[in-house]
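This report concerns aromatic side chains and their surroundings. The sequence and the model are shown below.

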Amino acid sequence: MSRALSSRTIVVWSVGLVVAAAVAVTLLWAFVGGDDPADERRLDAIRTASSLVIGAGGAAALLLAARRQRYVELDLEQKEHDADERRVTELYGKAADQLGSDKAPVRLAGVYALERLAQGQPAHRQTVVNLLCAYLRMPYEPSEETRQEREVRGTVQNVLETHLQPAAPGRFWPDIDLNLTGAWLSFFWFRNCLVRQGDFRGAVFHEIVAFRDSRFTGRAYFGGARFAGTADLRQISFERATFRDARFEGEVDFGEEPATGRQADLTGVTAVASATRRWPAGWADEPDEDVPEVLRVVRS
């Protein structure tokens, strides 16, 4: 049921006010209409009271007008918000469709459209990042025929890396979580980045991966990840991180000095003896009894 002021109520109150005014005028004329000075003083008092009543009525009318204007402005704001949300939904849906195209240039256009959307709509940044991460988690096998797809994936990585660096305030996206479980990543340059939480369990890093000077304000998960190339993890910091059962098949460098507050679990990590290695404080490697060319990381 609507709670708005009805036309019937307005008419009833208008008629009531007219009748009350007529009765008041009649009574005044009957009782204080003589020439007695006392009657004149009473009449002046009545005029003053009437002025106050009229002023109060004007104030009430002004309040009602302000209330009406407020509702009009709120309704306009709601309509603008709904229109903006519809526009964002349409842009998001169109960009997502472009990512699913079989043509690499169309997919690239979808990536850049999502980047512009996230840059202009902070409330939707995590959603855009989730979609870009999902794209990198899609099955992928590099080959000569998939060179264009590799370019698209490199562009997605570059968008994430560019907007997660706090050194660029105008482009930085704060409070972002990354979910790249099982992703195929090549030349993953993630230096000087700041994210809330990162999940790289089962990811495969090819050529070079660089997390140097990056910071996770929450946890970082690298369990079961495969580092097929060089891994630069110097001064990476996190609240807590796990590298359980990760494989390092190339050079790995955690740096001489651990980052402040860093706690890393390297249980079950393996590396190759032919590559240079530098582990976090409290960890070392030893040859595997069954496979001498493989090293197992243990607590020192």
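Is F254 buried or exposed? F254 is buried, with a relative accessible area of 0%; buried denotes under 20% relative accessible area, exposed over 50% and partly exposed in between, with a 1.4 Å probe and protein chains only.

## Basis of the report

The model is predicted: local features need pLDDT of at least 70 and side-chain atom pairs pLDDT 80 or more, whereas totals for chains, interfaces and linings use all residues. Residues are numbered from 1 along each chain as its sequence is written, and side-chain values use heavy atoms, without hydrogens and water.

## Aromatic pairs

The structure holds 21 aromatic pairs. Rings of Phe, Tyr and Trp (its six-membered ring) pair if their centres lie within 6.5 Å; planes under 30 degrees apart are stacked, over 60 edge-to-face and the rest tilted.

F205 and F227 are stacked, at 4.9 Å centre to centre and 15° between the planes. This pair links distant parts of the chain, 22 residues apart: F205 lies in strand β5 (residues 204–210) and F227 in strand β7 (residues 226–227). Strands are DSSP runs (E, at least two residues), numbered from the N terminus. F205 is buried at 1% relative accessible area, and F227 is buried at 0%.

F254 and W279 form a tilted pair, with 6.2 Å between centres and 40° between planes. W279 is buried, with a relative accessible area of 10%.

## Cluster and charge contact

One aromatic cluster includes F205, F227, F254 and W279, together with F188 and F248 among others.

The charged end of R201 sits over the ring of Y221, 4.9 Å from its centre; the criterion is NZ of Lys or CZ of Arg within 6 Å of the ring centre and within 35 degrees of the ring normal.

Note on methods: Helices (H or I, at least four residues) and strands (E, at least two) are DSSP runs, numbered from the N terminus.
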